There are 2 protein chains.
Amino acid sequence: MTENKRTEISTLGEFGLINHLTQDLTARNDSTIKGVGDDCAVLNYKKKVLVTSDLLTEGVHFDLIYTPLKHLGYKAAMVNFSDVYAMNGFPRQLIVSIALSKRFCVEDLEQLYDGLKLACEEHGVDLVGGDTSSSLTGLTLSLTCLGEAEEGRIVYRSGAKDTDLICVSGDLGAAYMGLQVLEREKAVYEQQVREHKTQVAFQPDFAGKEYLLERQLKPQARRDIVELLQQADILPTSMIDVSDGLSSELLHICKQSHVGCQVYEERIPLNYQTASMAEHFNMNVSTCALNGGDDYELLFTVSLSDYEKVKDIPQIRIIGRIQKEEYGCQLVTRDGNEFELKAQGWNPLQ
Amino acid sequence: MTENKRTEISTLGEFGLINHLTQDLTARNDSTIKGVGDDCAVLNYKKKVLVTSDLLTEGVHFDLIYTPLKHLGYKAAMVNFSDVYAMNGFPRQLIVSIALSKRFCVEDLEQLYDGLKLACEEHGVDLVGGDTSSSLTGLTLSLTCLGEAEEGRIVYRSGAKDTDLICVSGDLGAAYMGLQVLEREKAVYEQQVREHKTQVAFQPDFAGKEYLLERQLKPQARRDIVELLQQADILPTSMIDVSDGLSSELLHICKQSHVGCQVYEERIPLNYQTASMAEHFNMNVSTCALNGGDDYELLFTVSLSDYEKVKDIPQIRIIGRIQKEEYGCQLVTRDGNEFELKAQGWNPLQ
């Protein structure tokens, strides 16, 4: 596109690119409290408006071979809501735009909308807009969610302090293992089709992997955690949702808060099916949990003085602690070794 | 995608499809004043929040052969702002998500952002978020604009009343003629490449067509009109922006307001270059103005009692009048014949 200088996007990476493109932006309106750089933009309209947007393209963000359209709609909405919860707010409205090629029909869109509507219903969200147009190739979804939060209760990525406790909801790595299962079955199916040169009746074996598949295909945005924190009178000092893997998200918090951290491998919450399937695939389960992504759990920090409040909430696990920036970010393994935390999560620009 | 029943999207059309998919939606939150069905969703956060979203895909909504990326960014933002002005509000924040294939580089994105930023600067809008990820094919843009409006001054498509005057800003059809010029030059260029089997130095002849090209490549969202109406103490009874052609937009207003209309061909505002180029292409200039689209002018109705206020504003032309629904929607030609108005504008699902 450009005749002269050409810098490959890969040299900057996703976040470097955004930073590069947006670094000279300044807010013009009083109503702009927080722009680029967090899960949501925060706008000052009496009660604060949270707004977040996701753009999902076929073959990159989803594979329709094993993703039913209803699940796709449901998941896309959940992923969007999750960003609002990650600010300690509640989603209220959703706007969906769809571009699709001619291979799709009305019933396909109905299924997609069924999933969107179900997610909205479960989270008390109104689907308030959107349009449908065409694309030359495949399906593209754009979702924008607006939510609200009280001024004093909005939680950014940038508030973590030395000695804070690092907490995470639910368990990690299951959605990634679910993806591995689906990809394996897809490969088996495609080989059968190649060998028989025709469509074959295909019976994937998903027994004992239900949880993994559900985590991949039907993730739950953690409204309950935001409510639990409110009930327990806990205001996290920082929060983010785990979409690209625990390591990546934790490094976001540390970078934006100018702190370091230590995470204890033995404290990372895992489901039995995740561990079992990782072993089956000969993968390190901690690596899956640290870098797998698609969990949509909430990762947050709380003040050490909130320890008593947080320690007995069963849906929340304390997995580490924040330390001074100069001490860096480490994973402390089960045998006591320390490794530098690295973001190896999913990179949408790879 | 679906084994059983299959209804082609073409049998419903774009608006029929959206209606079909969204007809059972109900608002759950007090903050939802207006959902699907207008240029913007209106949300009740003290001052009213306007929010609108556009999804643009390469090869459908834009052609990078003749659209510089800076212009693409500028236009995409303007189109988004235009929807906010069409509610009689002012855009405040913009969120942009981009999916792109590997053929793009950092400098390309810089140019795209330069255009976005310029548009934001001109309209006092803050670019508050967005992400960048990849697509398997081409470039996709998703834009969401938030704006504000005072409660009593929001103008919907549904408020037109019998005897209201129909007004439009600027002139119509020029952007469409600009597109024809660009498409012709593209065809000439491609033929030269085919004949010479190589890249050729190409010198398109755009003399005397500057206005047409500017209207197509660098449209202006009509903030000035919204301000003029405010200064003149005029509150339109209905309003929409002209993106798909005058006919199509006017029929939206009439359908949602349950009224009919008469538009006078001789009153439709045209630029000299538009008329001249239409003649050159052997096209009917009125047809271009009625169905061309991409004008981003504001089409609105005002009460007959506002005639004195509106008649002398040079940027606004009165082009017809609203009548009772049972009288239908007609174009009155220069020779006094009446034809039923039909929407033949751009259909993104064709």
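Two residues are in contact if their C-beta atoms, placed from the backbone, lie within 7 Å.

**Figure 1. Chain A at a glance.** By that definition, 83% of the contacts in chain A between residues at least 6 apart in sequence join residues at least 24 apart. Chain A holds 10 helices and 14 strands; helices (H or I, at least four residues) and strands (E, at least two) are DSSP runs, numbered from the N terminus. Of its 350 residues, 52% count as buried. A residue is called buried if 20 or more other C-beta atoms lie within 10 Å of its own, exposed if 12 or fewer, and partly exposed in between, with C-beta atoms placed from the backbone. Please keep in mind that this is a predicted model, in which local features need pLDDT of at least 70 and side-chain atom pairs count only at pLDDT 80 or more, while totals for chains, interfaces and linings use all residues. Residues are numbered from 1 along each chain as its sequence is written, and chains are lettered from A and ligands numbered from 1 in the order in which they are written.

**Figure 2. Helix α4 of chain A and its crossing with α5(A).** Helix α4(A) covers residues 174–196, and at 1.5 Å a residue its 23 residues should span 33 Å, in agreement with the 33 Å between its end C-alpha atoms. The expected span is 1.5 Å times one less than the number of residues. Buried residues of α4(A) include Ala174(A), Tyr176(A) and Leu179(A), and the cover over the buried residues includes α5 (210–217), α8 (272–280) and α9 (285–291) of chain A. The axes of α4(A) and α5(A) come within 7 Å and cross at roughly 100°, which makes α4(A) roughly perpendicular to α5(A). Axes are lines fitted to C-alpha atoms, for helices over the stretch in contact, and angles run from 0 to 180 degrees between N-to-C directions; angles under 35 degrees count as roughly parallel, over 145 as roughly antiparallel, 65 to 115 as roughly perpendicular and the rest as oblique. Among the residues making this contact are Met177(A) and Val181(A) of α4(A), with Leu212(A) and Arg215(A) of α5(A).

**Figure 3. Strand β13 of chain A and its two partners.** Strands pair if DSSP finds at least two bridges between them. Strand β13(A), residues 329–332, has a covered face formed by Cys329(A) and Leu331(A), and an uncovered one with Gln330(A) and Val332(A). It runs parallel to β10(A) (residues 259–264), joined by 4 bridges, and here Val332(A) is the bridge partner of Tyr264(A). With β14(A) (residues 338–340), β13(A) pairs in the antiparallel sense over 3 bridges, and Gln330(A) meets Glu340(A) as its bridge partner.

**Figure 4. Asn284(A) in the loop between α8 and α9 of chain A.** Asn284(A) counts as exposed because it has 12 C-beta neighbours inside 10 Å. From Asn284(A) to Ile240(A), the separation is 44 residues in sequence and 24 Å in space, C-alpha to C-alpha.

**Figure 5. An open sheet of 7 strands in chain B.** The strand order is β9-β11-β8-β12-β10-β13-β14, with mixed pairing. At the edges lie β9 (238–241) and β14 (338–340) of chain B, each pairing on one side only. The twist averages 25° from one strand to the next. Within chain B, β8 (residues 165–169) and β12 (residues 316–324) run antiparallel and share 5 bridges; Arg321(B) is the bridge partner of Leu165(B).
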